[in-house]
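Trainee: I want to learn how to read pockets and overall shape. Can you take me through a case?

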Amino acid sequence: MQSNQEPGNVARVAVVIATYNERANIERLIPDLMESSVSPHVVIVDDNSPDGTGQAVQEFMKRHPGRISLVERSRKQGYGPAVVAGFRKVIGGDFDIVVTMDADFSHDPVAIPDLVAPLDKADLAIGSRYVGGIRILNWSMSRLLLSSCANLYVNTILRYHISDCTSGFRAYRAPVLRSIDLDRASSRGYSFLVELLELVVRAGYSVHEVPIVYTERRVGKSKMSRGVIAESVIRPWFLLARRLAGRR
Ligand SMILES: Nc1nc2c(ncn2[C@@H]2O[C@H](COP(=O)(O)OP(=O)(O)OP(=O)(O)O)[C@@H](O)[C@H]2O)c(=O)[nH]1
Ligand SMILES: [Mg+2]
């Protein structure tokens, strides 16, 4: 499916970032994003982080009026619902492209222009750690195995040919997000990324993978939990069942 963007027009980019206790990271990331060549509008979705992430964002909003939005939720409700809340904030606006990324510098803001570039021919660009070889810095072997197995698992059950189905560094053409039913992406953890991918692929949109270097967080704590992993094991089967039911 082709982009509706006129050649020569500068795409308007929104960047959606879910945060929970990411103050130290966000204080470095927002300045980097403000300098980005794609001049993004930044939407932070914070779940009332005890470390004051939301207050830090409010300070940046005063310094960069009109370029940053904050969606505040009362308590920690998971990565998936946070990203959906960010999408709902931007899809009614006049953005052409919506980027998602983590706050912890695992996703390098410098790579955003490369991620956005293929959207002149694709509908979704995934920043992939695995396409054309593995590019991950500072991960333990067990974490690499978990991520690799998760991708193999998802590709086997859902028959994708996508090397990194669980990457949260993505760029969507905004009309794609407007056209799909976001209420159907109800996963709380990272299987939300697979669920959203399924909605995009089933709607007939095209996916392109862009090689990225992924660096393990240096500051702050991971939110990975047993519950998140359990959901990631069960969800692909639920998605397969939903796909088969939809065909009948
Ligand atoms: N609003 C919100 N953000 C969340 C929640 N859980 C995770 N996040 C954010 O989602 C992004 C990804 O979470 P991470 O903890 O870095 O997950 P991860 O990258 O799989 O794990 P690490 O590799 O250990 O960092 C980060 O920006 C988190 O702050 C949540 O419940 N609510
Ligand atoms: Mg992380």
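Mentor: We start with the ground rules, then go to the pockets and the fold.
Mentor: This is a predicted model: local features need pLDDT of at least 70, side-chain atom pairs count only at pLDDT 80 or more, and totals for chains, interfaces and linings use all residues. Residues are numbered from 1 along each chain as its sequence is written, chains are lettered from A and ligands numbered from 1 in the order written, and side-chain values use heavy atoms, without hydrogens and water.

Trainee: What volume does the largest pocket have?

Mentor: Rolling a probe the size of a water molecule over the atoms shows where empty space is left. A pocket is an open set of points on a 1 Å grid over the protein atoms alone, where a 1.4 Å probe fits, with protein on both sides within 12 Å along at least five of seven lines; lining residues have an atom within 4 Å of a point. Points are joined across faces, edges and corners, and the volume is the space filled by probe spheres set on them. Here the largest pocket has about 1000 Å³. Of its 45 lining residues, Arg143, Gly189, Tyr190, Met224 and Val228 are closest to the centre.

Trainee: Which element gives the most to the lining of the second largest pocket?

Mentor: Helices (H or I, at least four residues) are DSSP runs, numbered from the N terminus. Helix 8 gives the most, with five residues. That pocket has a volume of about 190 Å³.

Trainee: How much of the chain is buried?

Mentor: Buried means under 20% relative accessible area, with a 1.4 Å probe and protein chains only. Buried residues are 52% of the 248. The C-alpha atoms fill a box of roughly 50 × 45 × 35 Å along the principal axes.

Technical notes:
Helix = DSSP H or I, 4+ residues; strand = E, 2+ residues; numbered from the N terminus. Buried < 20%, exposed > 50% of the residue type's maximum accessible area, 1.4 Å probe, protein only.
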